[in-house]
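Colleague: I have the structure open and want to go through its features with you. Shall we start with the overall contacts and then move to single elements?

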Amino acid sequence: MAGSRPTVRRRRLAALLVEFRESAGKSPDEAAERIGCHRTKINRIENARLGLSLGELRDLLTFYGVEDPAQVDEMLSLAQRSREPGWVQRVGLTRPTYADFIDYERTADYIRSYQSTLIAGLLQTPDYAREIISATPSTLKQEEVEVLVEARMKRQEVLERPSPPRLCVIEAEAALRLQVGGRDVMHKQLEHLETMAGHPSVEVQVIPDRAGAHAGLAGSFVLFAFPSLSFSDVACVEHRTGTLHMETPAETAEYTLIFDSLRSVALSPGDSLDLITRVRQEL
(Lines give C-alpha, C1' and ligand atoms only; values in the text may rest on other atoms or scores of the structure.)
Protein backbone atom coordinates (compact mmCIF):
# COMPACT_ATOMS: atom_id res chain seq x y z
CA MET A 1 0.00 0.00 0.00
CA ALA A 2 1.41 3.33 -1.05
CA GLY A 3 0.38 5.19 2.08
CA SER A 4 1.87 2.75 4.59
CA ARG A 5 5.21 3.21 6.34
CA PRO A 6 8.01 1.71 4.19
CA THR A 7 9.20 -1.66 5.47
CA VAL A 8 12.83 -2.62 5.89
CA ARG A 9 12.81 -4.58 2.64
CA ARG A 10 11.08 -1.86 0.63
CA ARG A 11 13.63 0.69 1.84
CA ARG A 12 16.47 -1.57 0.77
CA LEU A 13 14.82 -2.24 -2.60
CA ALA A 14 14.42 1.50 -3.18
CA ALA A 15 18.01 2.28 -2.18
CA LEU A 16 19.39 -0.38 -4.52
CA LEU A 17 17.23 0.81 -7.43
CA VAL A 18 18.60 4.33 -7.01
CA GLU A 19 22.14 2.96 -6.82
CA PHE A 20 21.71 0.85 -9.98
CA ARG A 21 20.05 3.70 -11.91
CA GLU A 22 22.75 6.21 -11.04
CA SER A 23 25.54 3.71 -11.79
CA ALA A 24 23.97 3.18 -15.21
CA GLY A 25 23.84 6.92 -15.83
CA LYS A 26 20.05 6.92 -16.28
CA SER A 27 17.67 9.67 -15.21
CA PRO A 28 14.31 9.19 -13.46
CA ASP A 29 12.64 10.40 -16.67
CA GLU A 30 14.39 7.71 -18.70
CA ALA A 31 13.41 5.05 -16.16
CA ALA A 32 9.80 6.24 -16.30
CA GLU A 33 9.79 6.08 -20.10
CA ARG A 34 11.23 2.57 -19.98
CA ILE A 35 8.32 1.13 -17.97
CA GLY A 36 5.69 3.47 -19.42
CA CYS A 37 4.81 5.56 -16.38
CA HIS A 38 5.10 9.13 -15.14
CA ARG A 39 8.31 10.28 -13.42
CA THR A 40 6.28 10.72 -10.23
CA LYS A 41 5.93 6.96 -9.96
CA ILE A 42 9.69 6.46 -10.22
CA ASN A 43 10.20 9.09 -7.52
CA ARG A 44 7.73 7.34 -5.22
CA ILE A 45 9.34 3.94 -5.88
CA GLU A 46 12.79 5.35 -5.11
CA ASN A 47 11.48 6.99 -1.94
CA ALA A 48 10.11 3.60 -0.83
CA ARG A 49 6.55 4.97 -0.86
CA LEU A 50 5.35 2.74 -3.70
CA GLY A 51 6.04 -0.81 -4.77
CA LEU A 52 6.36 -2.11 -8.32
CA SER A 53 5.46 -5.27 -10.16
CA LEU A 54 8.00 -8.00 -10.79
CA GLY A 55 7.71 -7.30 -14.52
CA GLU A 56 8.51 -3.61 -13.99
CA LEU A 57 11.40 -4.54 -11.74
CA ARG A 58 12.88 -6.98 -14.25
CA ASP A 59 12.53 -4.36 -16.99
CA LEU A 60 14.31 -1.70 -14.92
CA LEU A 61 17.11 -4.07 -13.94
CA THR A 62 17.67 -4.91 -17.59
CA PHE A 63 17.62 -1.20 -18.45
CA TYR A 64 20.19 -0.52 -15.71
CA GLY A 65 22.45 -3.31 -16.95
CA VAL A 66 22.08 -5.49 -13.85
CA GLU A 67 22.90 -8.95 -15.14
CA ASP A 68 24.33 -10.75 -12.10
CA PRO A 69 21.81 -13.54 -11.33
CA ALA A 70 22.46 -13.21 -7.59
CA GLN A 71 21.67 -9.49 -7.65
CA VAL A 72 18.55 -10.05 -9.75
CA ASP A 73 17.34 -12.79 -7.40
CA GLU A 74 17.95 -10.55 -4.38
CA MET A 75 15.94 -7.72 -5.93
CA LEU A 76 13.06 -10.00 -6.89
CA SER A 77 13.01 -11.50 -3.40
CA LEU A 78 12.96 -8.04 -1.83
CA ALA A 79 10.09 -7.00 -4.09
CA GLN A 80 8.07 -10.13 -3.31
CA ARG A 81 8.51 -9.66 0.44
CA SER A 82 8.45 -5.86 0.57
CA ARG A 83 5.01 -5.73 2.20
CA GLU A 84 6.00 -8.05 5.04
CA PRO A 85 6.68 -6.42 8.43
CA GLY A 86 10.40 -5.83 8.91
CA TRP A 87 10.65 -7.73 12.16
CA VAL A 88 13.55 -10.12 12.23
CA GLN A 89 15.99 -10.68 9.37
CA ARG A 90 17.57 -14.16 9.26
CA VAL A 91 20.00 -16.20 7.23
CA GLY A 92 19.36 -19.91 7.78
CA LEU A 93 18.27 -20.84 11.28
CA THR A 94 20.91 -19.29 13.50
CA ARG A 95 22.93 -16.73 11.50
CA PRO A 96 21.59 -13.16 11.44
CA THR A 97 21.93 -11.02 8.34
CA TYR A 98 23.20 -7.50 8.74
CA ALA A 99 22.35 -6.34 5.23
CA ASP A 100 19.55 -4.04 6.40
CA PHE A 101 21.55 -2.88 9.41
CA ILE A 102 24.53 -2.00 7.22
CA ASP A 103 22.24 -0.22 4.78
CA TYR A 104 20.88 1.85 7.67
CA GLU A 105 24.43 2.81 8.66
CA ARG A 106 25.18 3.78 5.08
CA THR A 107 22.11 5.98 4.62
CA ALA A 108 21.52 7.44 8.10
CA ASP A 109 22.59 10.96 9.00
CA TYR A 110 22.28 10.42 12.78
CA ILE A 111 23.21 7.22 14.61
CA ARG A 112 22.71 6.73 18.35
CA SER A 113 24.24 3.61 19.87
CA TYR A 114 24.09 2.31 23.43
CA GLN A 115 26.40 -0.60 24.25
CA SER A 116 26.26 -2.38 27.58
CA THR A 117 29.10 -4.89 27.23
CA LEU A 118 30.99 -4.31 23.97
CA ILE A 119 32.58 -1.42 22.10
CA ALA A 120 30.28 -0.16 19.33
CA GLY A 121 30.97 -1.85 15.97
CA LEU A 122 31.80 1.42 14.19
CA LEU A 123 34.54 2.05 16.77
CA GLN A 124 36.11 -1.41 16.99
CA THR A 125 39.67 -2.31 15.97
CA PRO A 126 40.25 -5.34 13.71
CA ASP A 127 41.80 -7.40 16.52
CA TYR A 128 38.95 -6.61 18.90
CA ALA A 129 36.35 -7.46 16.25
CA ARG A 130 38.16 -10.70 15.43
CA GLU A 131 38.04 -11.79 19.08
CA ILE A 132 34.31 -11.02 19.31
CA ILE A 133 33.46 -12.90 16.12
CA SER A 134 35.67 -15.86 17.00
CA ALA A 135 34.19 -16.16 20.49
CA THR A 136 30.74 -17.02 19.15
CA PRO A 137 30.15 -20.79 19.06
CA SER A 138 29.86 -21.63 15.36
CA THR A 139 31.32 -23.62 12.53
CA LEU A 140 32.98 -20.57 10.99
CA LYS A 141 36.31 -21.27 9.31
CA GLN A 142 39.17 -18.87 9.91
CA GLU A 143 38.83 -17.39 6.42
CA GLU A 144 35.13 -16.75 7.09
CA VAL A 145 36.02 -15.00 10.33
CA GLU A 146 38.40 -12.77 8.39
CA VAL A 147 35.69 -11.94 5.86
CA LEU A 148 33.41 -10.84 8.70
CA VAL A 149 36.18 -8.76 10.27
CA GLU A 150 36.85 -7.10 6.93
CA ALA A 151 33.15 -6.37 6.52
CA ARG A 152 33.03 -4.73 9.95
CA MET A 153 36.02 -2.56 9.08
CA LYS A 154 34.39 -1.68 5.76
CA ARG A 155 31.33 -0.42 7.64
CA GLN A 156 33.50 2.13 9.42
CA GLU A 157 34.21 3.93 6.16
CA VAL A 158 30.92 5.83 6.60
CA LEU A 159 32.74 7.97 9.18
CA GLU A 160 35.36 9.01 6.62
CA ARG A 161 32.93 10.30 4.00
CA PRO A 162 32.91 14.03 3.18
CA SER A 163 29.57 14.29 5.00
CA PRO A 164 29.61 11.52 7.61
CA PRO A 165 26.65 10.71 9.83
CA ARG A 166 26.62 12.12 13.32
CA LEU A 167 27.47 9.24 15.66
CA CYS A 168 26.64 9.38 19.36
CA VAL A 169 27.83 6.37 21.34
CA ILE A 170 27.13 5.63 24.98
CA GLU A 171 29.24 2.86 26.51
CA ALA A 172 28.74 1.24 29.89
CA GLU A 173 31.97 1.19 31.90
CA ALA A 174 31.80 -2.61 31.86
CA ALA A 175 32.47 -2.52 28.09
CA LEU A 176 35.75 -0.70 28.76
CA ARG A 177 36.90 -3.16 31.40
CA LEU A 178 35.99 -6.43 29.70
CA GLN A 179 39.39 -7.61 28.45
CA VAL A 180 38.41 -8.89 25.05
CA GLY A 181 41.48 -10.60 23.57
CA GLY A 182 43.66 -9.80 26.56
CA ARG A 183 45.64 -6.77 27.66
CA ASP A 184 47.32 -5.86 24.37
CA VAL A 185 44.18 -6.09 22.24
CA MET A 186 42.18 -4.12 24.78
CA HIS A 187 44.90 -1.49 25.20
CA LYS A 188 44.87 -0.79 21.45
CA GLN A 189 41.07 -0.80 21.40
CA LEU A 190 40.86 1.81 24.14
CA GLU A 191 43.51 3.90 22.39
CA HIS A 192 41.42 3.76 19.23
CA LEU A 193 38.31 4.71 21.19
CA GLU A 194 40.15 7.75 22.55
CA THR A 195 41.18 8.72 19.02
CA MET A 196 37.67 8.31 17.62
CA ALA A 197 36.24 10.36 20.49
CA GLY A 198 38.09 13.28 18.90
CA HIS A 199 36.51 12.70 15.47
CA PRO A 200 34.45 15.77 14.49
CA SER A 201 31.27 13.74 13.91
CA VAL A 202 31.67 11.32 16.84
CA GLU A 203 30.61 11.79 20.45
CA VAL A 204 31.46 9.17 23.08
CA GLN A 205 30.01 9.08 26.59
CA VAL A 206 30.49 6.50 29.32
CA ILE A 207 28.08 5.47 32.06
CA PRO A 208 30.25 4.82 35.13
CA ASP A 209 29.62 1.78 37.30
CA ARG A 210 28.77 4.09 40.19
CA ALA A 211 25.68 5.30 38.29
CA GLY A 212 23.82 2.24 39.56
CA ALA A 213 20.53 1.19 38.00
CA HIS A 214 19.68 2.96 34.74
CA ALA A 215 17.44 2.63 31.68
CA GLY A 216 20.00 0.67 29.67
CA LEU A 217 20.15 -2.41 31.86
CA ALA A 218 17.78 -4.24 29.51
CA GLY A 219 20.45 -4.33 26.78
CA SER A 220 22.16 -2.64 23.86
CA PHE A 221 20.41 -0.99 20.90
CA VAL A 222 21.03 1.35 17.97
CA LEU A 223 18.78 4.15 16.70
CA PHE A 224 18.96 5.41 13.13
CA ALA A 225 17.57 8.68 11.76
CA PHE A 226 17.57 9.54 8.05
CA PRO A 227 17.74 12.75 6.01
CA SER A 228 14.68 11.78 3.95
CA LEU A 229 11.32 12.52 5.56
CA SER A 230 10.01 9.45 3.74
CA PHE A 231 12.03 7.22 6.06
CA SER A 232 10.97 6.94 9.68
CA ASP A 233 13.49 6.38 12.47
CA VAL A 234 14.47 2.78 13.12
CA ALA A 235 15.50 1.10 16.38
CA CYS A 236 17.58 -2.07 16.06
CA VAL A 237 18.22 -4.69 18.72
CA GLU A 238 20.61 -7.52 17.88
CA HIS A 239 20.05 -10.97 19.35
CA ARG A 240 21.51 -14.42 18.84
CA THR A 241 19.61 -15.36 15.68
CA GLY A 242 18.84 -12.05 14.06
CA THR A 243 18.22 -8.35 14.38
CA LEU A 244 14.92 -6.88 15.49
CA HIS A 245 13.92 -3.77 13.49
CA MET A 246 11.33 -1.46 15.05
CA GLU A 247 9.86 1.40 13.03
CA THR A 248 6.57 2.48 14.56
CA PRO A 249 6.55 5.94 16.18
CA ALA A 250 5.66 4.40 19.56
CA GLU A 251 8.62 2.01 19.42
CA THR A 252 11.23 4.50 18.25
CA ALA A 253 9.94 7.14 20.68
CA GLU A 254 10.47 4.67 23.54
CA TYR A 255 14.08 4.03 22.52
CA THR A 256 14.69 7.73 22.01
CA LEU A 257 13.46 8.35 25.54
CA ILE A 258 15.75 5.61 26.86
CA PHE A 259 18.75 7.03 24.99
CA ASP A 260 18.09 10.53 26.29
CA SER A 261 17.82 9.12 29.81
CA LEU A 262 21.17 7.35 29.40
CA ARG A 263 22.81 10.56 28.21
CA SER A 264 21.65 12.25 31.37
CA VAL A 265 23.36 9.69 33.64
CA ALA A 266 26.49 9.30 31.48
CA LEU A 267 29.63 11.33 32.06
CA SER A 268 30.26 14.32 29.83
CA PRO A 269 32.34 13.61 26.70
CA GLY A 270 35.39 15.16 28.38
CA ASP A 271 35.00 13.21 31.61
CA SER A 272 34.24 10.07 29.60
CA LEU A 273 37.52 10.46 27.72
CA ASP A 274 39.34 10.79 31.03
CA LEU A 275 37.75 7.55 32.27
CA ILE A 276 38.65 5.71 29.06
CA THR A 277 42.26 6.86 29.42
CA ARG A 278 42.36 5.85 33.09
CA VAL A 279 41.00 2.37 32.35
CA ARG A 280 43.59 1.95 29.58
CA GLN A 281 46.42 3.01 31.87
CA GLU A 282 45.26 0.53 34.51
CA LEU A 283 45.59 -2.42 32.13
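Colleague: Among contacts in the protein chain between residues at least 6 apart in sequence, what percentage joins residues at least 24 apart?
Modeller: Keep in mind that this is a predicted model. The chain comes to 12 helices and eight strands. Take contacts between residues at least 6 apart in sequence; the share joining residues at least 24 apart is 76%.

Colleague: What share of the 283 residues in the protein chain is buried?
Modeller: Buried means under 20% relative accessible area. Among the 283 residues of the protein chain, the buried share is 46%.

Colleague: How many of the five residues of strand β6 are buried?
Modeller: Strand β6 covers residues 221–225. F221, L223 and A225 point one way, V222 and F224 the other way, and all are buried.

Colleague: Which residue of β7 stands opposite F224?
Modeller: β6 pairs with two strands named here, β3 and β7. Five bridges join it to β3 (residues 110–115), running antiparallel, and there R112 stands opposite L223. Three bridges join β6 to β7 (residues 234–239), also antiparallel. In β7, the residue opposite F224 is V234.

Colleague: A108 is 59 residues from L167 in sequence; how far apart are they in space, C-alpha to C-alpha?
Modeller: A108 sits in the loop between α6 (99–107) and β3. Its relative accessible area is 3%, so A108 is buried. Beyond four places in sequence, A108 touches R161, P165, F224, A225, F226 and P227. From A108 to L167, the C-alpha distance is 9.8 Å.

Colleague: What arc do the buried residues of α4 cover around the axis?
Modeller: Helix α4 covers residues 54–63, and E56, L57, L60 and L61 are buried in it. They are on the same side of α4, because they cover an arc of only 130°.

Colleague: Which side chain does E247 join by a polar contact of 3.2 Å?
Modeller: E247 lies in the loop between β8 (242–246) and α11 (249–265). Its relative accessibility is 9%, so E247 counts as buried. The side chain joined to E247 at 3.2 Å is that of R11.

Colleague: How many disulfides does the structure hold?
Modeller: C168 is buried, with a relative accessible area of 2%. C236 is buried as well, with a relative accessible area of 2%. A disulfide needs two cysteine sulfur atoms within 2.5 Å. The count of disulfides in the structure is zero.

Technical notes: Residues are numbered from 1 along each chain as its sequence is written. This is a predicted model: local features need pLDDT of at least 70, side-chain atom pairs count only at pLDDT 80 or more; totals for chains, interfaces and linings use all residues. Side-chain values use heavy atoms; hydrogens and water are left out. Buried means under 20% relative accessible area, exposed over 50%, partly exposed in between (1.4 Å probe, protein chains only). Helices (H or I, at least four residues) and strands (E, at least two) are DSSP runs, numbered from the N terminus. Two strands pair if DSSP finds at least two bridges between them. A polar contact is a pair of N or O atoms within 3.5 Å; within protein, one must be able to donate a hydrogen and the other to accept it, and residues adjacent in sequence count only if both atoms are side-chain atoms. Contact means heavy atoms within 4.5 Å. The arc is that of the directions from the helix axis to the C-beta atoms.
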